[in-house]
Amino acid sequence: MSLTPILVGGELQLGAGRELTSTDPVDGRPIATIASASVDDVETAVRRAAAAQSDPAWRRMLPHIRARLLHRTADLIEQRRDELALLQSRDNGKPITETRALVASAIGTFRYVAAALESSDDALTVPRGPYLTMSVHEPIGVVGAITPWNSPIASDAQKLAPALAGGNAVLLKPAGWAPLLSLELGRILLEAGFPPGLVSVLPGDGATVGQAIVDHPAVGHVSFTGGTSTGRRLAGSAAQKLMTTSLELGGKSPTIVFDDADLDVAVNGVLFGIFSSQGQSCIAGSRLFVQRSIFDAFLDRLVRRTEALRVGHPRDEKTQMGPLITEQHRASVEAYVELARSEGGTVVAGGSRPEDPALAEGTYLRPTVVTGLGNASRTAQEEIFGPVLVAMPFDDFEDVVAQANDTVYGLAAGVWTRDFPKAWRTARAVQAGQVWVNTYKQLSIATPFGGVKESGSTREKGQDAIRAYQRQKSVYVSTDSTPIGWAD
Ligand code: NAD
């Protein structure tokens with residue numbers, strides 16, 4: 001198998017880091033070996049990025065011309081959408097139906113950001129003297145974008161599109177387990193006509209390559225999506241150089257089913273919320289709170305439906321859950337199932353690998369529901385990032401809000417009730433960046449996304465997405481030729 005090159009400052013070249021092998025989780029077979037980036041490659045990429053970013057051809061490019069490049073990127077992704085969805089599914093094991101949606105999301109992101117760029121204004125502010133006052137926004141310069149393995153094309157697009165729209169050069173550092181879509185996106189951006197050097201895609205070891213990007217004196221901002229402990233370390237490094245960061249981190253999101261909920265709607269939403277993407281989702285609804293009066297009846301229904309979910313080959317159109325990303329990750333999720341048992345929990349669904357011999361070579365795990373644990377248990381508190389749901393009863397509104405908020409995380413929450421005022425009160429009382437009422441895991445590029453507490457502090461998406469990659473500047477221009485009197 002020939003080595004896959006990486007994108008270093010506009011050049012497709014073999015990286016000088018160690019070789020990374022991407023494997024298909026359905027059978028563990030290698031699909032590509034990547035000559036990953038080294039710290040020297042980061043140095044080269046930064047140098048080329050700084051040159052490309054400061055080139056007047058890019059720096060002075062008018063917003064509608066820049067927007068055209070973003071639209072062209074969307075067109076190129078669209079032309080290759082089936083191939084990209086297939087590659088993403090092979091690289092990280094997600095069902096093809098989901099990876100198609102991720103590719104569509106990336107297309108939508110580039111188009112939306114192009115439109116936001118064309119309609120984003122600088123402003124004249126109210127003057128307090130004989131001058132015009134303006135608030136303008138300028139590129140930061142060279143920025144880093146560090147992403148996890150669970151939804152590469154969508155999370156990469158969410159950073160690349162606004163960073164480029166904002167006039168920056170970008171060093172993208174995808175996760176080692178699934179870097180292939182990020183590399184394809186890099187090629188597409190080159191083909192779309194972004195100046196060579198402006199974008200680098202540098203897969204490699206996080207602690208060396210990622211860290212080198214964060215620490216580099218010429219990198220002015222890092223947008224990070226990944227685990228909370230990595231984010232905390234990264235924020236510490238960024239603080240040393242007083243660099244801004246955008247942090248999208250982990251979660252342990254509550255879904256709350258009140259006794260007046262439409263149970264069919266609630267069961268479907270709870271299942272989708274935790275088990276889609278095999279639970280490998282930052283916003284997975286992994287803590288389920290069901291009102292005590294309906295707990296047993298709801299759990300019966302939930303367990304039956306959980307057992308009926310179709311775990312299978314991710315390229316089968318009917319599959320709802322594919323394999324987990326790697327053997328190592330499955331082992332970590334299985335260790336949590338063991339932990340749940342040792343904490344006194346009862347595994348009422350799943351908890352084991354599927355018996356189907358056709359799935360024996362893949363890293364599959366059945367969707368798992370655990371009962372009998374309290375919210376203080378480690379199983380209920382720690383992010384598992386796999387198909388494991390902890391179901392717990394609650395008594396009333398106050399009780400469930402207290403339990404839902406008793407977590408270090410604050411990314412998402414779901415609430416299921418027919419009582420709109422109660423839904424509203426719950427939505428306002430839970431500490432989370434996004435709350436879904438009678439639905440779950442629905443996302444729009446036009447709506448800001450982010451977390452609170454240890455799930456992060458910043459927002460992506462929405463009209464202001466580009467501003468995260470720009471610096472605001474105030475300019476005062478005199479309208480009076482009289483000298484300032486003080487100096488007389
Ligand atoms: P991770 O934190 O292990 O890695 C994320 C990225 O950071 C990878 O590219 C990794 O190589 C890099 N990295 C690691 N150490 C680094 C360092 N010292 N300096 C710079 N970069 C470094 O996360 P993961 O396992 O790839 O992804 C799963 C996690 O991501 C989960 O916790 C999940 O909740 C989170 N996530 C959050 C969101 C969100 O929007 N909030 C979305 C998706 C995933």
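Two strands are taken to pair if DSSP finds at least two bridges between them, and helices (H or I, at least four residues) and strands (E, at least two) are DSSP runs numbered from the N terminus. The model is predicted, so that local features need pLDDT of at least 70 and side-chain atom pairs count only at pLDDT 80 or more, whereas totals for chains, interfaces and linings use all residues. Residues are numbered from 1 along each chain as its sequence is written, and side-chain values use heavy atoms, with hydrogens and water left out.

Strand β16 (residues 368-371) is joined by 3 bridges to strand β15 (residues 346-349), the two running antiparallel, and by 3 bridges to strand β17 (residues 388-394), in this case parallel. Within these pairings, Ala349 stands opposite Val369 of β16, while Thr368 stands opposite Val388 of β17. In a regular strand the side chains alternate between the two faces of the sheet. In β16, Thr368 and Val370 point one way and Val369 and Thr371 the other, and all are buried (under 20% relative accessible area, with exposed over 50% and partly exposed in between; 1.4 Å probe, protein chains only).

Gly345 lies in the loop between α12 (327-342) and β15 and, at 14% relative accessibility, counts as buried. Not counting residues up to four places away in sequence, Gly345 touches Ala340, Val370, Thr371, Gly372 and Leu373, contact meaning heavy atoms within 4.5 Å.

Helix α6 (residues 152-165) is largely enclosed by the rest of the structure, because 14 of its 14 residues are buried. Just after α6, Gly167 takes a positive phi of about 95°.
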